[in-house]
Every structure is written in structure tokens, then in C-alpha cells.
Amino acid sequence: MGSRGICDRVAIVGMGCTQFGEHWDKSVDDMLVDAAGDACRSAGVSQDAIDAYWLGTMGSGVSGLTLSRPLKINYKPVSRLENMCATGSESFRNACYAVASGAYDIAMAIGAEKLKDSGYSGLVSAAPPNDGTPAQISAPASFSFLAPAYCKKYGVDAAKLKEVMTRIAWKNHKNGALNPRAQFRKEVPMETIAASPLVAGSLGIFDCSGVSDGSAAAIVVRAEDAHKYTDKPLYVKALSFVAGPARGPVEQDYDYTTFDEVVASAKDAYQQAGISDPRKQLAMAEVHDCFTPTELVLMEDLEFSSRGKAWEDVLAGTFDLDGEMPVNPDGGLKSFGHPIGASGLRMLFEAWLQLRGEAGKRQISNGKKLALTHNLGGAPGACVSFISIVGAEKDA
Amino acid sequence: MAGIVAYGSYIPYNRLDRQTIGQALGVAGGRGARAVASYDEDTTSMAAEAALAALATAPDGISPSALYFSTADPAYLDKTNATAIHAALGLGHEAFAVDMVGAVRSGAGALRAGLDSAEPTLVCLSDVRTGLPGGADEAAGGDGAVAFLCAREGPVIAEFLGSSSTSAEFLDRWRLPGESTSRVWEERFGEFVYVPLAQQALQKAMQMFGVNLEHIDHLVATGVHPRALRTVLAGAGVRKEVIANDLSATVGNTGTAHFGLMLADVLDRAEPNQLVTVLLIADGATAMFFRTTDAIAAYHARRTVQEQIATGRPGLSYESFLTWRNMLKREPPRRPDPDRPGSPPSFRSEAWKYGFCGSRCEACGARHLPPARVCVHCHTTDKMKLERLTDVPATIATFTIDRLAYSPSPPMVAAVLDFDGGGRFQCELTDVDPDKLAIGQRVEMTFRRLYSAEGIHNYFWKARPVRSNN
């Protein structure tokens, strides 16, 4: 019994990622065709070479037909799955396991989401029929619980924390300004961020990720086959996924300054990849910055910062593009928005570019060869957490 | 001895100053304020609050076998509303819960039926009074509820001596089904018809019980025609000091509930062995006679009418009032409307949704809201017992002001509540000033109508700050 992982048994040999944004002129079919085509060209394979597909989408279609119909896939397995905001990452995890098992030679993980057709602000999701008693608070509201709790626990003044939140948004927009695929490609002055209209609690509009459409895809093969497709494959070092008992909203000792699920998945992932000091060993991390306080707390849960110290690290620029440990170098959910099925694969796409030295103006050159991606879905105290670690080199 | 053994009153938190109507519409606004049911209240939820207050002070061993609910403004038709009130009391399914709705007069019928009942009966009277903007009904009306637990045994605090009524068919005030406000005939016509009907009912009752006006210690006089009432009282020569405060300056006329609310206000300070007379003018007249007993000296209402008047929040804007009553249609947020609650899931969770029962793990003691089968703490399965938390106070662990979520009156204020004795729950706050919220603040639960969707009212509990004088 145990989580053994599949370190170095699977490699990514091709990826594709559409531009993210308000694609009034593109359907979810269009985005799937674009991302799948880009991924195939990147790996130098035809669509017919793909043996199996995992499609992640939360609300843009059901069943494998959502992918097989637009791509005209000829009688291959297509799984459609959903795991809240980790949906895209979950498609990747399952595709990797399929290849590692030996069941298939080449698999594609693809995710897409069409959010802008709903006509509403923010995310919209239909719950199954229920008794009408769950509090129907918005996502920013449930994550806004983190801010006052963090202040109270670590004695940080509310105004100081707002400064920290503002700097996180500022940093991610600064990175996104360098990324042609981002929804928002413009730096935003700190004063604008700090003064943006409140959405929930102390969270202003600029403390929240955007709403966009997008798609991204990855092609995975067994590690030993990787060099048939590319000179610079990425090896999968760790895949961790955790769902919690949702104890935060029911147990009084949960204090809203941590995600227990992230702590557990980080421990699992680092053990799979043999990482002892993530801040020193990782070249970069793409984390789930759905709201600025989320990114702050994640720095501690992912062990990049000590407990109660992430706010100081943020202000010191530790997680800036040129900092000691760049976080969200592509601009994050802040700059990309959050088309749920696509986000996890979009994060992986940045790891793909960075570790292969193809990130252009955003290129990180700290000499490290490992990258981490992270998603969480749900709310503080009741969530799912995904972590992947990929590397440019196979372990000896 | 049959009579009232306990009662509870409920006056909603918000007050509309009548001057604000005048300022908004450029008309004479009138004096004083009226009580206003909040956007998340209706006649059913307010009746439940009054009923909870009544049962909290009920004598040991007296639990209602029947619940009679009366209002002129029922939340549902063709479906009983009393069942929701009964479910909020957490009394199981062994009762006769029934509505007597449609007209202000129905309230007198409900109380008389309760007092005549052989079994302990809880009578709930509740109303939300509406009127077209600028009209007399809008300004003079008020919202509120009251509940009386009637029994033939136990420590009766007000013995029911009996009643006398008159009835006549005429149009003074009426409303067609589906309409949100009432129509009235010329005032002087109603006075012409009502005055003799009221005099007749009162005189007949006094003859029956061998009393005269001199013996009355408290006269609760109210109804749908204030002018006729004034004429009756002036003509009868009733001593001014026995005429009960009609609450018009502070609450307004709460329609179906009003004679009961005034009676509760009288009982709040009545002394033993006093004669209390109720005179209600509505489609005829009803006179009811009570005599307080020695037991009233030791009886204390959970919250008196005057306490609730004193702790109301003034300053409600006329725009909010109109919006809450559906008289002003406002631009909704760019968010989907809430889903309607499903009928089968609501039925399955009746103990939770209406009775606010959590479950406590019998293995480790962890409390769960909502009830769970598997313990979150020790993972023991199906060793749970239900615990009702309606009267358990809680502390705000953290809170947020949500400007994005759907609410009939944005922004939504939500909090994580830690209950005394264990258990945590996240829910909406109501009757709250967001600027005065703080972690650590004490709150209590209140039964509300969260919203209505696709023709279904979503009843559930919210938390409100514990009032200072509670």
C-alpha cells in the first residue's frame, strides 16, 4: 500500500495551447481543434497516431463525443472527466497512467472551457437538485475568508496584507504582459489594483482571476520512446491528487490559513519526485492563483515559505520572475483567466516552454531542471488539490 | 380552565419612518414608523419566529397537538403553510397543522378555535401588510406575528371566558386572488355598517359574562376600520386608560396578527385577575374576554413587544422597502438566478432544513451541521443522534461581504459560525449592519425565506447578531 508514483516512466513530447481570452468568434469545438492540432504538430505526429484521449471540461460538453465529434476521431477511446478547477490537470494525470500501464503507446490529454458564452460574471456551475440549504456564496467570498484569518494568526495588519495581495496581482500581471497567449497582456499599477472595486471581503476585482475561454493539450508517451518525437521531452516526476473530507466548514479547529489537501498532495508529490527542498530545487512553479490570498497561502502549503512568512517573501520579491523562486511566470490565472478544463494544461505548457528554453522574454535561467504545477478546486477547508512535477532530465 | 398558557410575539427588525414616504413621493408622510418584514421574511417565517418564542416559554409537558396558522397574505395557496411552521418547531409529524387564511378576520377564528380545542393548540397569526405607494394602507400597515399556546390544563395565564361575534356581508375592504394590494370602499360607508355590528358584539358578550365596561382592565380594540373603531370607543364611554396601545406609532397595523400582538403587549405587563377584552372589527365584529390568573405573575415572555419595538432598526430607505415588497423592480446582478430547491431533497432533510437539527457522533462527540452519517472526526458510521440547534448561540469565526453572489438584497453577508458545544456551519447573516461585524461576535439563529425560485420558497435558517437586551 502506498503512493508510488510513476517517476520518469512517462514523458511529454508535444504540447499546444490556444490564446486565452474572450473568444466571441470561436466555439469550444474550434478551440479543441486548435489545441489538439498544435499539440500534434509539436510532437510531429498525426492525429491518427494517438491511441487514446482524456478530455477535461467542467461545463463545455459531456462524454467523449465532445472531443471525437469536432476532431473526427476514428473509433478511439475518449474519456471525458471533471474534477473542479483541477479538471485539466486530472485529464493529464489519467493519460499519463494509461501510458505508464502499457495499455497505450501515445495518449493525448486535452482540456477546454467556454466560459464567456454564459452571459454571466464569474464562474457558473449547476448543482444537482438539493434542499436549498448550502450557503450559495460566490467563489471570491469563500476564498476571502483566508485574508482576515491569516492576519489574525500571524499578527499581520489588514492594510499590510492588502499590500501583499496587491503585489501578488501586480507580479502576475507583470509576467502576463510578456506572454502573447495571456488574456490580459498589460502591467497594472499597484495603485489601480489596490483601489479596484470590492468583490468580496477585502478582495477587489484585481484580486480575482479573470473569466476567459481557452484550450490546451499535451501528448504523452513512455519515457523510453520520448526521443523518437523530440530532443527535449519533459519527464513526469510526480503526479499527486488529493480530495479531502471537507472538514473545514464543519470542524471548529480549521482556521482558514491553509489548505490541508494541498499540504497532503505536496508531501506526496515531493516524495514521488525525491524533492527535499522545493524552494531550492524547483526552477519555477505554476500555482492556482484564483484569488491573491490563495497564492499567498499556497506558498506556505507548497513549502516554498515557512509558516507565517510567505507575506514577507512576497514583499521581498522571492516569487518574482527574476526572484529566487519564480511563481506563475506565465502570468497565472490572473493574466489567463480560468477556463477550468484548460487551466492545468496551460500551466504545464509554461513548464514545457521554460524547461525547454522557449519562453522568450519570460525565460527563467536559474539552471534548475524541475518545474511544479498546482491546481485546487473547491473552497478553503473543502477542496481537491493536484500537483505535478516535471523535469527536463531523467534521473540517473 | 381553558386559556392561554404561553405566547410569543415577533416584530421584524426594520422600521420605515413614515416621513420617508412623504419625502419620496411629495405627499404627507404621516407620523411614526411602521415595522417592515425584511426581504427574507414572509408570514410563514415570522409566524415560525413567534411560535418558537411561545414554545420556549411553554410549561413543561404541554406540547401542541395542533397548529392553526392565520394570515391574509399566505406564502402558498393550495398548499398548507402551517406545516412549514410546525416543521420549524421540530415537533415531528404527529400534529394537525392547518391554515385559516385569506382575511384579517380569520385570525379571530384561529384563536377561538384554538381556545375551544380539547387538545393543546398553537395558534399563529402573522401578516405582511401592503399598499400601493402613497396610500393609507402602505403607511398605516405593519408587519409582525404572534403565537398563543392554548390549553385546557396546566398553568393558564389568561383564562378564556368566551366570545361573541357578529357577521355581515358588505364590501369595505377586499382583494382578488393574485393581487398584491387591497381595495377599499368609501370610508364613511364602512363606519355606517361597522359601528352597530361592533356595539352588538360587545354588548352581547358583556351580557353573557355578566360584566360591564367598568370591569374591563384592558381593552384591545383594533380592526380594519380605524374610524369606525374610534366612533365605537367614543360612544361606549370606555375609560381612556384601559384602551390598549394600538402600536400604530411604532409598528403599524399588522392585520391578521394585530389583535394578537396588542394582546401580547397587554399580557407582557398585565397583573393577575385582570379582565382583558379583545374587540376586533373585520367583516363584522368579535369580542373575546379573558381573565388573567395568578400564574401570569411568574410568566415572562421571551421578548416583550416593547423590547422588540425598542431594538428595531430605524432608517430603512423607502427604495429598499419598495424593492423588498416587489413594488420596485431593480436590475439584478449579472449572475444566474438561484436554483429552486428540490422537493424530494427538501423532504428528506426536513429535520435539518426546517428543524435545524445537526447530528452528534456518539463515539467521539463531534457535532455535524448538516447531519452526517460518517463522523468527520473519528470516521465512525451511523452512530449519530440528532440535536436541535435552533436555540444554541454561536460565535462568528470569520465572515465576508459577498458582492457577487445572488441575493434579493445585495450584498450577501455570510459567516462561518462556531456553535457553543461544538459544530461549525457557514450561512448567511441577516438583520445585520455589515460595518459593525466582527470576528468573535455572538449570533443566534432565525428562520427565514432565503429566496424564491421558480415558484418555490426556500425556507432555511440564517444567523443574526444577538440583540443587546436579549
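**Group meeting: chains A and B of a predicted model**

I will start with a helix in chain A. Helix H4 (139-144), helix H6 (158-176) and helix H10 (292-301) of chain A, together with S17 of chain B, are among the elements that cover the buried residues of H5(A). Those buried residues of helix H5, which spans residues 146-154 of chain A, are Leu146(A), Ala147(A), Pro148(A), Ala149(A), Tyr150(A) and Cys151(A). After H5(A) comes Gly155(A), and its phi is positive, near 65 degrees. Before going on, please keep in mind that this is a predicted model.

S17 of chain B takes me to the contact between the two chains. How many residues of chain B are in contact with chain A? There are 38 of them, and they meet 32 residues of chain A. On the chain B side, at least two residues each come from helix H11 (343-348), helix H12 (350-353), strand S17 (394-402), strand S18 (412-419), strand S19 (424-428) and strand S21 (456-465). By class, that side of chain B has 19 nonpolar, ten polar and nine charged residues.

Now the domains of chain A. Domain 1 takes in 10-119 + 213-231, and domain 2 takes in 139-209 + 235-391. Their C-alpha centres lie 24 Å apart. Across the boundary, 35 residues of domain 1 of chain A are in contact with 31 residues of domain 2 of chain A. On the domain 1 side, S1, H3, S4 and S7 of chain A each give at least two residues. Which element gives the largest share of that side? H3(A) does, with seven residues. The classes on the domain 1 side are 19 nonpolar, twelve polar and four charged.

H3(A) deserves a slide of its own. A pair of packed helices is described by the angle between the axes and the distance between them. For helix H3 (residues 87-100) of chain A and helix H13 (residues 340-355) of chain A, the axes come within 5 Å and cross at roughly 65 degrees. H3(A) makes this contact with Thr87(A), Gly88(A), Ser89(A) and Phe92(A), and H13(A) makes it with Ile340(A), Gly341(A), Ala342(A), Ser343(A), Gly344(A), Leu345(A) and Leu348(A). The contact divides into five nonpolar and six polar residues, with no charged ones.

Next, the sheet in chain A. Nine strands form an open sheet with mixed pairing, in the order S3-S2-S4-S7-S1-S8-S11-S10-S9. Strand S3 (78-81) and strand S9 (282-286) of chain A are the edge strands, each pairing on one side only. From one strand to the next, the twist averages 25 degrees. Within the sheet, strand S4 (residues 106-113) and strand S7 (residues 214-222) of chain A run antiparallel and are joined by eight bridges. Met108(A) is opposite Ile219(A) of S7(A). Helix H1 (residues 28-43) of chain A lies across strand S1 (10-17), S4 and S7 of chain A, and it runs at about 130 degrees to S1(A).

On to the core. In soluble globular proteins, nonpolar side chains tend to be buried together. Here the largest nonpolar core has 272 residues, and Val220(A), Ala51(B), Cys124(B) and Ala147(B) are the ones with the most contacts inside it. H13(A), the helix that packs against H3(A), supplies the largest share of this core, ten residues. What does Val220(A) touch, leaving out residues up to four places away in sequence? The list is Val10(A), Ala11(A), Ile12(A), Ala95(A), Cys96(A), Val99(A), Ala107(A) and Ala109(A).

Last, some backbone details in chain B. A cis peptide bond with omega of about -5 degrees joins Leu369(B) and Pro370(B). Pro370(B) sits in the loop between strand S15 (367-368) and strand S16 (384-388) of chain B. Another cis peptide bond joins Pro410(B) to Pro411(B), with omega also about -5 degrees, and Pro411(B) is in the loop between S17 and S18 of chain B.

Asn273(B) has phi near 60 degrees and is placed in the loop between helix H8 (258-269) and strand S12 (275-281) of chain B. Phe356(B) has phi near 45 degrees, and its loop runs between H12 and strand S14 (357-361) of chain B. Are these residues buried or exposed? Asn273(B) is exposed, because 11 other C-beta atoms lie within 10 Å, where exposed means 12 or fewer. Phe356(B) has 23 C-beta neighbours inside 10 Å, so Phe356(B) counts as buried, the cut-off for that being 20 or more.

Terms used. Residues numbered from 1 in each chain as written. Chains lettered and ligands numbered in written order. Predicted model: local features only at pLDDT ≥ 70, side-chain atom pairs only at ≥ 80, totals over all residues. Axes fitted to C-alpha atoms, helices over the stretch in contact; angles between N-to-C directions. Helix = DSSP H or I, 4+ residues; strand = E, 2+ residues; numbered from the N terminus. Contact = placed C-beta atoms within 7 Å. Nonpolar A, V, L, I, M, F, W, Y, C, P; charged D, E, K, R; others polar. Pairing = 2+ DSSP bridges. Core = buried A, V, L, I, M, F, W, Y, C linked by C-beta atoms within 7 Å. Domains from an automatic or database assignment.
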